[in-house]
Amino acid sequence: MTESQQFEAFMRAYQNMVFSTAVRLLGNEAEAEDVSQEVFLKAYERYAELKDSPTVGGWLKTVARNLCLNHLSRYRARWRFFSEMAPDRDDEEGSSPEWAAPDTHEQQVARDDHRQLLETALENLPAGQRVPLVLFHFEEMSYEEIAAKLRVSLSKVKTDIHRGREALHRKLKWKLAGEEQWGGLNRSESPCPT
């Protein structure tokens, strides 16, 4: 296998992880694709040292996260951060939805549907809420690390994460309630006249 074939296999193995990291942070698939390409360009430049590294996944994720944050900071004027005048409230547990591991195919399908709902709702949050939320829950960064990375105060990070969770909870509750309302109808109850 040639080196270009090896790199192509390497890219296929990590492309979903890199793209999902980017799309969660950016909330835009086209921008996430651009960042993902940039990540793999950087990986290609260092492929000789990366190809046998046991920590290559972490390296790729860190590069993707940093490129996304750099991209967002370039367009900070578009961000809609909440005022730092909001009161500092501690983090509340139980605001984010969790689903049990599936036992059947139907449960797996339902879990995948819920995950897609979560991803869509997350993408629709304003960047000022989405980015800290993703960094905390998906990238497992501490409040302090997020504040340093985004160059904002600790209270702002806590407020944005709290408000992001509330907004996400409202969006998911509304979406799931809508599904239950329409999903449980039989043909005779159809809202469309025949």
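Is R151 buried or exposed? Select R151 to begin: with a relative accessible area of 72%, R151 is exposed. The model on screen is predicted, and this tour moves through it one selection at a time.

**Two loop residues**

Stay on R151 for a moment. R151 sits in the loop between helix 7 and helix 8, the latter covering residues 154–183. Its phi is positive, about 60 degrees, although R151 is not a glycine.

Next, select E140. This residue belongs to the loop that runs between helix 6 (127–137) and helix 7 (143–150). E140 is not a glycine, yet it has a positive phi of about 55 degrees. Its relative accessibility is 68%, so E140 counts as exposed, the cut-off being over 50%.

**Helix 2**

Now select residues 29–45, which make up helix 2. How far apart are the end C-alpha atoms of helix 2? They are 24 Å apart, and this agrees with the 24 Å that 17 residues should span at 1.5 Å a residue.

Colour the buried residues of helix 2: E31, A32, V35, S36, V39, F40 and A43. Then go to the start of the helix and show the side chain of N28. A side-chain oxygen of N28 comes to within 2.9 Å of the backbone nitrogen of A30.

Is E119 buried or exposed? Its relative accessibility is 12%, so E119 counts as buried, the cut-off being under 20%.

**Aromatic rings**

How many aromatic pairs does the structure hold? There are six. One of them is F10 with Y14: the ring centres are 5.2 Å apart and the planes are at 55 degrees, so this pair is tilted. Both residues lie in helix 1 (residues 3–26), and they are four residues apart, about one turn of the helix. F10 is buried, with a relative accessible area of 7%, whereas Y14, at 24% relative accessibility, counts as partly exposed.

For another pair, select F136 and Y143. Their ring centres are 4.8 Å apart and their planes are at 10 degrees, so the pair is stacked. F136 is partly exposed, with a relative accessible area of 22%, while Y143 is buried at 12%.

**Confidence**

Last, colour the chain by pLDDT. The mean for the protein chain is 76, and 69% of the residues reach 70 or more. Which helix has the highest confidence, and which the lowest? Helix 2 is highest, at a mean of 93, and helix 5 is lowest, at 70.

Select residues 77–103. Here pLDDT stays under 50, and the model has 42 contacts beyond four places in sequence for this stretch. Then select residues 181–194, where the pLDDT is also below 50. Beyond near neighbours in sequence, residues 181–194 have four contacts in the model. Where pLDDT is low, the predicted coordinates should not be read in detail.

Conventions. Residues are numbered from 1 along each chain as its sequence is written. This is a predicted model: local features need pLDDT of at least 70, side-chain atom pairs count only at pLDDT 80 or more; totals for chains, interfaces and linings use all residues. Side-chain values use heavy atoms; hydrogens and water are left out. Buried means under 20% relative accessible area, exposed over 50%, partly exposed in between (1.4 Å probe, protein chains only). The expected span of a helix is 1.5 Å times one less than its number of residues. A polar contact is a pair of N or O atoms within 3.5 Å; within protein, one must be able to donate a hydrogen and the other to accept it, and residues adjacent in sequence count only if both atoms are side-chain atoms. Rings of Phe, Tyr and Trp (its six-membered ring) pair if their centres lie within 6.5 Å; planes under 30 degrees apart count as stacked, over 60 as edge-to-face and the rest as tilted. pLDDT is the predictor's confidence in each residue, from 0 to 100. Contact means heavy atoms within 4.5 Å.
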